[in-house]
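This report describes the secondary structure elements of a multi-chain model and how they pack. The sequence and coordinates come first.

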Amino acid sequence: MIPWCAAAAIALCAAGLYVGFFVAPTDATQGESYRIIFIHVPAAWMSMFLYLVLAFWAGVGLALNTRLSAMMASAIAPTGAVMTFVALWSGALWGRPTWGTYWVWDARLTSELILLFLYFGFMALQAAIDDPRRADKAGAVLALVGVVNVPIIYFSVKWWNTLHQGASVSLTKAPTMAATMLAGMILMALAFWMYAVAVTLVRVRAIILERERRSDWIKELAPGA
Amino acid sequence: MIGTVAAVVRRDLLLAFRQRADVANTLLFFVVVVTMVPLGVGAEPNLLRAIAPGVVWVAALLAAILSLNRLFAADFADGTLEQMLISAEPLPLIVLGKTAAHWLVTGLPVTAMSVVLGVMFDLGAEATATLAAALALGTPVLSLVGAVGAALTLGLRGGGVLVSLLVLPLYVPVLILGAGSVEAVAAGLGAAPYLLLLGALALFALVLTPWAVSAALRISVE
Amino acid sequence: MLEARDLECTRGERVLFSALALRVEPGTLLRVAGPNGTGKTSLLRMLCGLLQPTQGEVRWREKPIRLLKEEYWAALAYVGHLNGVKDDLTAAENLRASAGIAGLDADEGTVRGALDAVGLAGFEDSLARFLSQGQKRRIALARLHLSGAVPLWILDEPFTALDARGVAELSALVARQLAGGGIVVLTTHQEVPVAAVRAATVELGREREPRS
């Protein structure tokens with residue numbers, strides 16, 4: 001499944017970039033720079049969605065005591081953090097030509113940054129614990145507490161933002177979006193999806209091999225190990 | 001059941017009283033951090049008045065974080081925590097008792113001290129009262145949510161820094177609502193919606209976090 | 001009746017013991033023996049429900065303790081190798097706090113009586129930091145006097161730091177618990193000086209089933 005997803009990711013990414021850069025029309029107000037959207041928006045979608053998936057697997061792992069789901073959660077975290085980082089980075093690059101500044105304390109940007117901190121916290125906690133069983137369970141509790149908090153954080157940041165109207169820049173995009181733009185974005189979103197699945201599966205395979213290196217079935221697979 | 005909570009609160013308060021220097025240090029830290037800010041940004045009264053709520057709240061967050069390791073570490077080290085985990089009473093109740101005691105010796109003094117700081121920053125009577133009210137509602141959330149972080153990082157190396165990394169992002173809503181309430185008063189708007197939301201957060205945390213803390217403690221003590 | 005089925009304990013990557021089964025009837029003393037590092041404390045913590053076994057389960061009166069939780073813990077008194085005694089509380093305050101945490105009712109008279117029974121009369125109001133190791137151990141053991149009606153005692157190295165008289169007194173206490181139909185599980189490096197009618201030993205580190 002991994003090669004299939006990887007291949008799909010590459011193909012979709014190529015198609016998405018092609019549509020995004022060559023087919024989609026130039027934006028009337030923002031010119032060519034808006035094309036960052038094809039990276040930025042899918043990354044932002046994935047960053048939030050992956051945290052939900054992470055919390056889901058963590059919850060399943062905690063409730064049913066299945067080791068694989070906890071491993072899935074730990075495998076997703078780095079990908080989610082990368083997506084969050086890409087979303088922030090591309091957003092900054094996009095912000096420079098559009099708003100004249102790399103960073104504004106906008107509600108979405110700020111909550112995305114806090115989401116990045118949540119990913120880092122999850123990974124830092126797991127890294128600090130030596131016993132994998134404890135790391136899985138402690139991470140799961142943290143992820144669940146985090147996922148309950150994410151909407152509260154989002155709304156409070158939004159509210160904070162409306163209070164500080166001075167710095168706010170409206171992030172809402174052009175009201176009507178050309179069909180090709182949408183197509184490019186959806187292609188890119190699918191590409192990121194496939195990338196996330198492929199990378200997560202590779203990572204979970206590595207985690208399984210590392211944890212089970214004492215067990216018999218791995219010794220049979222790789223007698224030299 | 002109430003008896004257990006009361007017994008835990010009584011024990012922790014007695015311990016805090018016997019180690020009162022530690023408790024005083026947290027409060028002192030809070031005041032010193034707030035005092036540093038005018039020295040850093042200048043003594044312009046209007047600027048200070050504008051940033052005072054945020055400064056006081058950030059200092060309150062830091063003071064809460066610093067005091068978190070007192071919550072379970074000592075009980076973990078001397079074996080009392082094991083006895084709590086195998087109590088015939090539900091663990092979330094014991095956690096609630098411990099968190100309540102923690103709030104009484106950290107959140108409550110910070111709240112009281114904020115009145116003095118409000119005067120120092122020349123906030124005016126109404127804004128100062130709002131600041132104190134917001135802290136009174138918000139600091140229990142800091143203790144409750146912080147307890148989750150403290151329980152998760154129990155016995156880990158670098159636990160102090162790690163707990164800040166885990167807990168500070170979760171403190172964001174309290175910080176925004178708490179500081180926002182005072183700014184709303186300063187802007188001539190009512191603080192009521194902020195305080196109500198803070199109260200809602202406090203209730204929400206009161207109901208949910210003891211279970212999360214209990215789960216985390218069972219994982220960490222294993 | 002306390003029962004363990006197919007217990008396995010791993011620490012890090014080392015398997016301390018596996019396929020361990022035991023069955024302790026009321027009135028029985030179970031001694032857990034074995035060299036250091038063979039998992040004696042881990043086994044006791046598993047029997048307490050503090051440590052989840054990697055395999056198998058512990059059952060109390062035919063039900064898994066994982067499900068019984070507080071109901072099981074109400075039937076259990078555990079003295080670990082840590083005393084759970086606060087240096088900044090007096091002996092009496094320590095014992096009263098322990099009772100409160102355990103959910104036991106203990107009035108002033110009961111607490112003083114228990115301290116008296118472990119030979120701490122006259123030290124009730126001394127801060128624990130000024131007491132010796134043996135005396136702190138006695139505060140922890142005084143909990144057993146409050147838990148008289150509790151059927152299951154699990155004691156991790158209860159005789160350490162005690163003097164000859166303390167050992168004799170504790171042995172008598174354990175014997176009384178056994179005579180009353182209770183179960184006592186303990187680890188010790190010494191020969192158990194308890195006159196028990198029914199006794200069994202689990203030897204860890206040798207992969208052996210309990211013999212009685």
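In what order do the five strands of the open sheet with parallel pairing in chain C run? The order is E6-E7-E8-E3-E9 (chain C). Strand E6 (76-79) and strand E9 (198-203) of chain C are at the edges with a single partner strand each, so one side of each has no neighbour in the sheet. From one strand to the next the twist averages 15 degrees.

The model is predicted: local features need pLDDT of at least 70, side-chain atom pairs count only at pLDDT 80 or more, and totals for chains, interfaces and linings use all residues. Residues are numbered from 1 along each chain as its sequence is written, chains are lettered from A and ligands numbered from 1 in the order in which they are written, and side-chain values use heavy atoms, with hydrogens and water left out.

Helices (H or I, at least four residues) and strands (E, at least two) are DSSP runs numbered from the N terminus, and two strands pair if DSSP finds at least two bridges between them. Axes are lines fitted to C-alpha atoms, for helices over the stretch in contact, and angles run from 0 to 180 degrees between N-to-C directions. Contact means heavy atoms within 4.5 Å.

**Sheets of chain C**

Within the parallel sheet, strand E3 (residues 28-33) of chain C is joined to strand E8 (residues 183-187) of chain C by four bridges. C:Leu30 is opposite C:Val185 in E8(C). Helix H6 (residues 133-146) of chain C packs on this sheet and touches E6 and strand E7 (152-156) of chain C, its direction making about 170 degrees with that of E6(C). Helix H7 (residues 164-179) of chain C lies across E3, E7 and E8 of chain C, at about 150 degrees to E7(C).

C:Val202 and C:Leu22 are 180 residues apart in sequence, yet 8.1 Å apart in space, C-alpha to C-alpha.

A further open sheet has four strands with antiparallel pairing, in the order E2-E1-E4-E5 (chain C). Strand E2 (14-24) and strand E5 (63-64) of chain C are its edges, each with a single partner strand, so one side of each lacks a neighbour in the sheet. Five bridges connect strand E1 (residues 2-11) of chain C with strand E4 (residues 55-60) of chain C; C:Ala4 has C:Val58 as its bridge partner in E4(C). Helix H1 (residues 40-48) of chain C lies across E1, E2 and E4 of chain C, running at about 130 degrees to E1(C).

**Helix pairs**

| Pair | Angle | Axes |
|---|---|---|
| H7(B) and H10(B) | roughly 15 degrees | within 7 Å |
| H4(C) and H5(C) | about 115 degrees | 10 Å apart |

H7(B) and H10(B) are therefore roughly parallel to each other (angles under 35 degrees). Their contact divides into 20 nonpolar, five polar and no charged residues. The contact of H4(C) with H5(C) has six nonpolar, no polar and three charged residues. Here Ala, Val, Leu, Ile, Met, Phe, Trp, Tyr, Cys and Pro count as nonpolar, Asp, Glu, Lys and Arg as charged, and the others, Gly among them, as polar.

**Chain A**

Chain A has seven helices and zero strands. Of its 225 residues, 44% count as buried.

Conventions. Parallel < 35°, antiparallel > 145°, perpendicular 65-115°, else oblique. Buried < 20%, exposed > 50% of the residue type's maximum accessible area, 1.4 Å probe, protein only.
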